[in-house]
Amino acid sequence: MSKWINVCQLNDITPKTGVCALVNGKQVAIFRPRDNDELFAIDNMDPFAKSNVLSRGIICEHDEQLWVASPLKKQRFNLTTGQCLENDLVSLATYKVRVNKDAVEINA
């Protein structure tokens, strides 16, 4: 059974950046692409570099979709689906994320 887990406050995430949260022993990258409460959450592990770095990646837009580019090997991952743009055989887990009274919560 999944439940909502409080990980930080919305103001802890600067617009156009991401942060990392430890959720049930797993690193989750949470992104705030705009100056509103729209958030996305995916695995923090870059499957190509085998490093937990995606929360430090650059948020970009391609074909009207939001992506994060890995800071190490530059592959892009869709923030909604987790799919890798450069290799369609690779995708990341995505997580439901919400803002509840200024608290950021992950469903895990």
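These legends describe close-up views of a predicted model.

**View 1**

**View 1. Strand β3 pairs with strand β4.**
Strand β3 covers residues 26–32, and strand β4 covers residues 40–43. They are joined by 4 bridges in the antiparallel sense. Look for Phe-31: it stands opposite Phe-40 in β4.

**View 2. Strand β4 also joins strand β10.**
Here 2 bridges link β4 to β10, which spans residues 94–100. The two strands run antiparallel.

**View 3. Strand β10 pairs with strand β11.**
Strand β11 holds residues 103–107. It meets β10 over 5 bridges, again in the antiparallel sense. Val-97 stands opposite Ile-106 in β11.

**View 4. Ser-55 sits in a loop.**
The loop lies between β6 (51–52) and β7 (58–62). Is Ser-55 buried or exposed? Its relative accessibility is 9%. Buried means under 20%, so Ser-55 counts as buried.

**View 5. Ser-55 touches residues from elsewhere in the sequence.**
Leaving out residues up to four places away in sequence, Ser-55 touches Gly-18, Val-19, Cys-20, Ala-29, Phe-31 and Asn-44. One of these, Phe-31, is the residue that stands opposite Phe-40 in β4.

Conventions
Residues are numbered from 1 along each chain as its sequence is written. This is a predicted model: local features need pLDDT of at least 70, side-chain atom pairs count only at pLDDT 80 or more; totals for chains, interfaces and linings use all residues. Side-chain values use heavy atoms; hydrogens and water are left out. Buried means under 20% relative accessible area, exposed over 50%, partly exposed in between (1.4 Å probe, protein chains only). Contact means heavy atoms within 4.5 Å. Two strands pair if DSSP finds at least two bridges between them.
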